[in-house]
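Here is a briefing on one structure, meant to be read with the 3D view open. Find each residue as it comes up.

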There are 2 protein chains.
Amino acid sequence: MLLTLTEENYLKAIYHLSEDGSTVVSTNAIADKIETKASSVTDMLKKLAEKNLITHIKYKGVTLTETGRRTAINIVRKHRLWEVFLVEKLNFSWDEVHDVAEQLEHIKSPKLIKELDAFLEFPTHDPHGDPIPNANGKIKQTKKIILSNAQNNINYACVGVIDSSSEFLKYLDKHNISIGTSLKVIDKEKFDLSMTIVIGDKTMVMSQAITSNIYVKAHNGQ
Amino acid sequence: MLLTLTEENYLKAIYHLSEDGSTVVSTNAIADKIETKASSVTDMLKKLAEKNLITHIKYKGVTLTETGRRTAINIVRKHRLWEVFLVEKLNFSWDEVHDVAEQLEHIKSPKLIKELDAFLEFPTHDPHGDPIPNANGKIKQTKKIILSNAQNNINYACVGVIDSSSEFLKYLDKHNISIGTSLKVIDKEKFDLSMTIVIGDKTMVMSQAITSNIYVKAHNGQ
DNA sequence: AATTAATTTTAGACTAATCTAAAAATATAT
DNA sequence: ATATATTTTTAGATTAGTCTAAAATTAATT
Ligand SMILES: [Mn+2]
Ligand SMILES: [Mn+2]
Ligand SMILES: [Mn+2]
Ligand SMILES: [Mn+2]
């Protein structure tokens with residue numbers, strides 16, 4: 001089915017809001033995400049329901065159909081592959097890629113994505129650590145935790161971010177934190193939940209505003 | 001100024017029809033090229049004139065303004081750079097690139113094009129032999145002639161095509177003719193204007209339908 | 001020069017996507 | 001349980017881009 005750019009953006013928004021398509025999403029949540037009005041969302045929901053991409057129960061909420069979910073995942077796949085391309089091949093930094101990828105994700109050409117994937121040597125994660133769905137829509141979820149919930153004196157590696165705003169990513173760059181960076185919590189302050197963290201040979205304190213936006217996973221040795 | 005995808009397509013069409021912006025273009029010519037109706041074209045011409053991208057004299061025709069020309073050339077630049085990318089990096093053949101480039105040319109990101117240009121090592125021509133305007137809009141025109149006007153027993157190199165339809169490009173592929181191929185006319189038939197041509201160690205006859213769609217330039221030695 | 005033909009523009013209607021304002025339904029609080 | 005607040009949907013309008021049919025202009029023929 002041929003979808004407009006706008007329809008694709010709605011599907012992707014619903015997909016992200018529904019946590020990979022598993023929960024019900026509200027009209028207002030979509031309006032917030034797309035930065036549009038609730039009435040516009042209602043109009044679009046009718047169109048998407050008509051095309052069997054979503055199930056919409058009036059006043060109750062929206063879920064993606066299997067077709068809708070597959071379509072959304074494919075857009076996410078394209079978005080993340082393009083982000084890898086921009087960082088790996090065109091010298092973009094990880095805080096610059098999102099807006100361009102928002103445009104590139106709508107280019108329609110199966111061959112283009114197939115070849116891009118191969119050209120990038122089949123990457124599994126985008127520059128922010130988010131997993132790239134494979135051509136069949138399968139997503140390899142790594143069991144990650146939020147840094148603010150990490151335990152003391154265990155080795156972790158940074159595997160992703162929650163806030164991927166340019167401001168936050170620049171903060172991380174400034175402190176030499178990126179995907180793969182090893183870190184260890186040596187203290188957590190009970191008063192403000194700030195953490196003392198060792199990164200390489202440096203020790204720094206991170207506020208909860210920071211630690212609640214970084215994903216880590218247990219990092220065996222090295 | 002922010003232009004819509006449609007406005008960009010109109011500007012590019014006018015640019016191509018006006019031979020690099022130098023001649024007057026008719027409403028019907030644009031309608032044919034864009035595959036739309038003349039009345040739709042008239043509507044759009046009003047918008048583009050309003051934005052000072054074209055000069056439109058009612059019933060007389062259209063010319064690009066300097067701003068319009070610059071804008072059109074930038075779209076052509078992006079189109080051709082993406083075509084090079086698709087062929088050089090993603091294994092597209094020269095007859096497959098056009099439709100995808102039609103989409104990619106509208107991606108808005110100066111950095112993207114700057115970096116893509118560098119990544120491709122500043123190509124000067126697209127896969128069909130058309131020159132790629134530089135970042136300032138300058139186009140290096142090679143003095144080329146149409147093969148059907150070539151003289152006998154002079155060495156030429158193929159430098160471009162006029163018809164870049166998939167059908168024609170596949171014909172050329174089949175006979176191992178591509179940009180850079182050396183060839184020599186050894187006879188031209190007066191009756192049907194067909195030519196006998198030597199390509200490498202093979203000799204073949206080309207009808208006028210073929211020879212009138214190939215650009216060549218004199219090829220010194222080799 | 002007058003008639004016919006072709007081109008171009010206008011008038012009015014349509015779809016996609018959006019908005020504001022008002023109505024309907026659901027949720028929350030007393 | 002009733003009143004109030006919030007969320008969601010409808011109604012009606014707007015803009016971009018397109019279309020058909022008719023009118024206006026220009027070009028080509030007799
Ligand atoms: Mn992104
Ligand atoms: Mn990302
Ligand atoms: Mn092309
Ligand atoms: Mn080309």
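A:K111 lies over the face of B:F92, 5.1 Å from the ring centre. Keep in mind that this is a predicted model.

**Charges over rings**
- The contact between A:K111 and B:F92 puts a lysine of chain A over a ring of chain B.
- B:K89 also sits over a ring face, that of B:F119, at 4.7 Å from the ring centre.

**Aromatic pairs**
- How many aromatic pairs are there over all chains? The count comes to nine.
- In one of them, the ring centres of A:W82 and A:F85 are 5.6 Å apart. Their planes meet at 80 degrees, which is over the 60 needed, so this pair is edge-to-face.
- A:W82 and A:F85 both belong to helix α4 (residues 66-88) of chain A. They are three residues apart there, so about one helical turn separates them.
- A:W82 is buried, because its relative accessibility is 0% and the cut-off is under 20%.
- A:F85 also has 0% relative accessibility, so A:F85 counts as buried.
- A:F119 and B:F119 make another edge-to-face pair, with 6.2 Å between centres and 65 degrees between planes.
- Which parts does this pair join? A:F119 is in helix α6 (residues 110-119) of chain A, and B:F119 is in helix α6 (residues 110-119) of chain B, so the pair joins two chains.
- Ring pairs link six residues into a cluster: A:W82, A:F85, A:F119, B:W82, B:F85 and B:F119.

**Manganese in chain A**
- Which residues coordinate the manganese ion (ligand 2)? They are A:E83 (OE), A:D126 (OD) and A:H128 (ND1), at 2.2 to 2.6 Å.
- Along the sequence, the donor residues of this ion (ligand 2) follow the spacing E-x42-D-x1-H.
- A:E83 bridges two metals, the manganese ion (ligand 2) and the manganese ion (ligand 1), and these lie 3.4 Å apart.
- A:E83 is in helix α4 of chain A, while A:D126 is in the loop between α6 and β3 (145-146) of chain A. The two are 43 residues apart, so the pair links distant parts of the chain.
- A:E83 is buried, with a relative accessible area of 1%.
- A:D126 counts as buried too, at 4% relative accessibility.

**Manganese in chain B**
- B:E83 coordinates both the manganese ion (ligand 3) and the manganese ion (ligand 4), which are 3.5 Å apart.
- B:H79 and B:E83 are four residues apart in helix α4 (residues 66-88) of chain B, so they are separated by about one helical turn.
- Are B:H79 and B:E83 buried or exposed? Both are buried.

**Salt bridges**
- There are 21 salt bridges over all chains.
- A:D95 pairs with A:K170, with 3.8 Å between the closest N and O atoms.
- A:D95 is in the loop between α4 and α5 (97-104) of chain A, and A:K170 is in helix α7 (residues 166-174) of chain A. They are 75 residues apart in sequence, so the pair ties those parts together.
- A:D95 counts as buried at 14% relative accessibility, whereas A:K170 counts as partly exposed at 48%.
- B:E7 and B:K47 form a salt bridge of 3.4 Å, N to O. It links helix α1 (residues 5-17) and helix α3 (residues 38-50) of chain B, and its partners are 40 residues apart.
- B:E7 is buried at 0%, while B:K47 is partly exposed at 40% relative accessibility.
- B:R77 and B:D117 meet at 3.2 Å, N to O. B:R77 is in helix α4 and B:D117 in helix α6 of chain B, so the bridge ties together parts 40 residues apart in sequence.
- Both B:R77 and B:D117 are buried.
- Shared partners join A:K111, A:K114, A:E115 and B:E96 into one salt-bridge network.

- The structure has zero disulfides over all chains.
- A:C158 is buried, with a relative accessible area of 1%, and B:C158 counts as buried at 1% relative accessibility.

Terms used:
Residues are numbered from 1 along each chain as its sequence is written. Chains are lettered from A and ligands numbered from 1 in the order in which they are written. This is a predicted model: local features need pLDDT of at least 70, side-chain atom pairs count only at pLDDT 80 or more; totals for chains, interfaces and linings use all residues. Side-chain values use heavy atoms; hydrogens and water are left out. Rings of Phe, Tyr and Trp (its six-membered ring) pair if their centres lie within 6.5 Å; planes under 30 degrees apart count as stacked, over 60 as edge-to-face and the rest as tilted. Buried means under 20% relative accessible area, exposed over 50%, partly exposed in between (1.4 Å probe, protein chains only). A charge sits over a ring if NZ of Lys or CZ of Arg is within 6 Å of the ring centre and within 35 degrees of the ring normal. Donors are N, O and S atoms within 2.8 Å of the metal (3.2 Å for Na, K and Ca); water is not among the atoms, so sites may look incomplete. A disulfide is a pair of cysteine sulfur atoms within 2.5 Å. A salt bridge is a side-chain nitrogen of Lys or Arg within 4 Å of a carboxyl oxygen of Asp or Glu.
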